[in-house]
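Have the model open beside you as you read.

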Amino acid sequence: MRSRSTRGVLVKGGAVAMAVAAAAMLTGCGDKSSDGGASGGSLSISPVYQVDISGAEVPKATAATPADPAGDGTATCPPGLSIAMAGALTGDDAALGINIVNGVQLALDQFTAANPGCKITLKKFDTEGSPQKASQVIPQITDDPSIIGLIGPAFSGETKATGQIISDKGLPALTASATNATLTQNGWTSFFRGLANDDVQGPAVAKYLTNKLALKKVCVVADNTDYGVGLAKSITEGLGGSADPNCAASIKKGDKDFAATVTKIKSANPDGIFYSGYYNEAAPLVQQLRDAGVTAKFVGPDGVNDPKFVSQAGNSAKDAILTCPCGPGPEKFTSDYKAKFSQAPGVYSVEGYDLTTILLKGIAAGKTTRADLLSYVRGYDGQGLARQYKWAPNGELTTAQIWIYEVK
């Protein structure tokens with residue numbers, strides 16, 4: 001991902017408020033609806049159902065009561081403790097980071113309101129989604145002794161670039177959104193992924209496309225990020241013979257003119273296109289495909305599953321299938337989020353909230369050092385808004401499923 005200016009890496013409250021306001025203005029009508037959908041003009045992103053690794057629909061089940069960040073209101077802790085959030089808060093993909101940090105802030109505010117004996121500060125760090133910027137920002141976090149837990153890094157590339165630094169300092173790092181499957185294969189001892197990885201999403205979505213949607217020929221297009229490349233590999237393998245290598249394509253993050261890719265896809269005449277990347281490129285790509293007369297089903301992953309995809313792509317986004325290892329926000333969470341931020345939650349907001357709740361539960365239980373909080377997270381087993389959270393020794397969830405969404 002492209003690197004922006006190196007100024008302002010620690011974002012104070014006012015700057016974040018400006019970033020949130022700017023993102024809301026850019027999104028326009030692209031808010032999530034109360035049922036977890038996202039609207040853009042007359043179109044909306046709505047959850048359909050969950051699928052398992054075989055692409056089959058998962059029957060709805062009654063989950064246990066999710067953890068409440070407020071707890072019982074009796075928490076006490078030493079003064080000066082803080083948790084950090086690291087992710088893109090400005091730049092082309094800022095909406096994804098803002099979705100997370102808002103979820104983090106909501107959980108922390110609910111905890112603080114209920115527990116006057118334990119005041120915890122949230123420190124927000126803007127990586128702009130860039131591995132290079134994150135490499136400058138993360139040492140500021142790990143070298144700050146007041147920070148005992150981190151939500152992030154948000155993107156796979158920046159996580160790959162900084163995971164060893166975080167692990168060496170023993171800082172619990174819970175990511176709400178970094179899904180590249182190889183991240184948990186580096187021997188890091190303090191990294192926890194709060195959702196399914198791309199090696200779960202890839203096969204599940206591939207089987208959904210071939211079995212449920214009956215797609216016979218799919219063109220897989222990927223951007224050049226760690227996330228895009230890794231997910232495209234997993235999708236292609238899962239599609240098997242339905243992935244047409246003759247129309248597979250790679251684009252650069254930040255590109256806007258996709259004429260060559262569109263020509264290649266049109267000549268292949270597929271019935272499906274999977275774009276492995278982010279909404280900022282997916283929107284012009286689907287517009288240019290539709291303008292060229294390509295009617296194949298357009299499918300995008302969690303990096304595309306954002307109101308900005310709909311608002312930027314307009315009617316070209318109609319009928320797109322969007323997938324995500326993230327879940328839609330429940331009604332009360334959505335209501336609380338809207339009341340605080342004057343906009344609805346987006347992709348990863350629920351995960352940001354859930355993972356912060358886990359850190360806060362640990363602090364309320366007296367785990368107020370990095371080492372103690374890390375041990376608490378390793379042994380955690382509890383229900384959140386999105387799913388059950390329990391981690392294997394490598395930091396992967398022991399169970400994880402994928403949501404299917406549709407633009408209508």
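Are Glu237 and Lys233 buried or exposed? Both residues are exposed. Keep in mind throughout that this is a predicted model.

Glu237 and Lys233 bring their side chains together in a salt bridge, with 2.8 Å from N to O. The two residues sit four positions apart in helix 6, so about one helical turn separates them.

The search of the whole structure turns up 15 salt bridges.

Asp226 pairs with Lys160 in a salt bridge whose closest N and O atoms are 3.6 Å apart.

The partners have their own surroundings. Asp226 is partly exposed, at a relative accessible area of 30%. Lys160 reaches 51% relative accessibility and therefore counts as exposed, the cut-off being over 50%.

## A buried pair

Now turn to Glu396 and Arg193, whose side chains form a salt bridge at 2.8 Å, N to O. Glu396 is found in the loop between strand 15 (388-390) and strand 16 (402-407), while Arg193 is in strand 8 (residues 191-193), so the bridge ties together parts that are 203 residues apart in sequence. Both Glu396 and Arg193 are buried.

## How helix 3 meets helix 4

For helix 3 (residues 131-142) and helix 4 (residues 156-168), the angle is about 30 degrees and the axes are 9 Å apart. Helix 3 passes helix 4 in a right-handed crossing.

Which residues make the contact? Helix 3 contributes Pro131, Ala134, Ser135, Ile138 and Thr142. From helix 4 come Gly157, Glu158, Ala161, Thr162, Ile165 and Ile166. Sorted by class, the contact of helix 3 with helix 4 has six nonpolar residues, four polar ones and one charged residue.

Key
Residues are numbered from 1 along each chain as its sequence is written. This is a predicted model: local features need pLDDT of at least 70, side-chain atom pairs count only at pLDDT 80 or more; totals for chains, interfaces and linings use all residues. Side-chain values use heavy atoms; hydrogens and water are left out. Axes are lines fitted to C-alpha atoms, for helices over the stretch in contact, and angles run from 0 to 180 degrees between N-to-C directions. A crossing is left-handed if the near helix is turned anticlockwise from the far one by less than a right angle, and right-handed if clockwise. Contact means heavy atoms within 4.5 Å. Ala, Val, Leu, Ile, Met, Phe, Trp, Tyr, Cys and Pro count as nonpolar, Asp, Glu, Lys and Arg as charged, and the others, Gly among them, as polar. A salt bridge is a side-chain nitrogen of Lys or Arg within 4 Å of a carboxyl oxygen of Asp or Glu. Buried means under 20% relative accessible area, exposed over 50%, partly exposed in between (1.4 Å probe, protein chains only).
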